[in-house]
Amino acid sequence: MRKPAVAKRAKALALVVLDEQAVDALFVFCAEGADITVNLENCTVVAGEQRFAFTIDESRRSRLLAGIDDIGATLQYRDDIFGYEQLRRAQRPWVFGLEAG
């Protein structure tokens, strides 16, 4: 039996800013035990029939949706980083404890 594919997502915290009325309404929903959903794709918080829009930096949003944390974002450039490190070693071998030539 095949297992269904599950997308892996990085665990992260996304800070969003809502106006005071939205926050007050969400507190009421929480007190009532209602479900509250944060939809990062649509940039909304949904509670019952109410929707509250928020903004988030597009770069941060894209990385969260892709499951990429800050380290993962850096590692996307690993080949460039490796090339730079090799160049630095060739230009200044003494910095790396290597003998010239």
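Cys43 counts as buried, because its relative accessibility is 16% and the cut-off for burial is under 20%. Cys30 is partly exposed, at a relative accessible area of 49%. This value falls in the class between buried and exposed, because exposed requires over 50%. The structure, a predicted model, holds zero disulfides.

Helix 1 covers residues 20-31. Its twelve residues should span 16 Å at 1.5 Å a residue. The C-alpha atoms at its ends lie 17 Å apart, which agrees with that expectation.

The buried residues of helix 1 are Ala22, Ala25, Leu26 and Phe29. They lie on the same side of helix 1, because they cover an arc of only 100° around the axis. The spacing follows from helix geometry: an α-helix has 3.6 residues a turn, so residues three or four places apart point the same way.

At the start of helix 1, Asp19 places a side-chain oxygen within 3.2 Å of the backbone nitrogen of Gln21. Just after helix 1, Gly33 adopts a positive phi of about 80°.

Methods. Residues numbered from 1 in each chain as written. Predicted model: local features only at pLDDT ≥ 70, side-chain atom pairs only at ≥ 80, totals over all residues. Heavy atoms only, no water. Disulfide = S-S within 2.5 Å. Buried < 20%, exposed > 50% of the residue type's maximum accessible area, 1.4 Å probe, protein only. Helix = DSSP H or I, 4+ residues; strand = E, 2+ residues; numbered from the N terminus. Expected span 1.5 Å × (residues − 1). Arc of directions from axis to C-beta. Polar contact = N/O pair within 3.5 Å; in protein donor to acceptor, adjacent residues only side chain to side chain.
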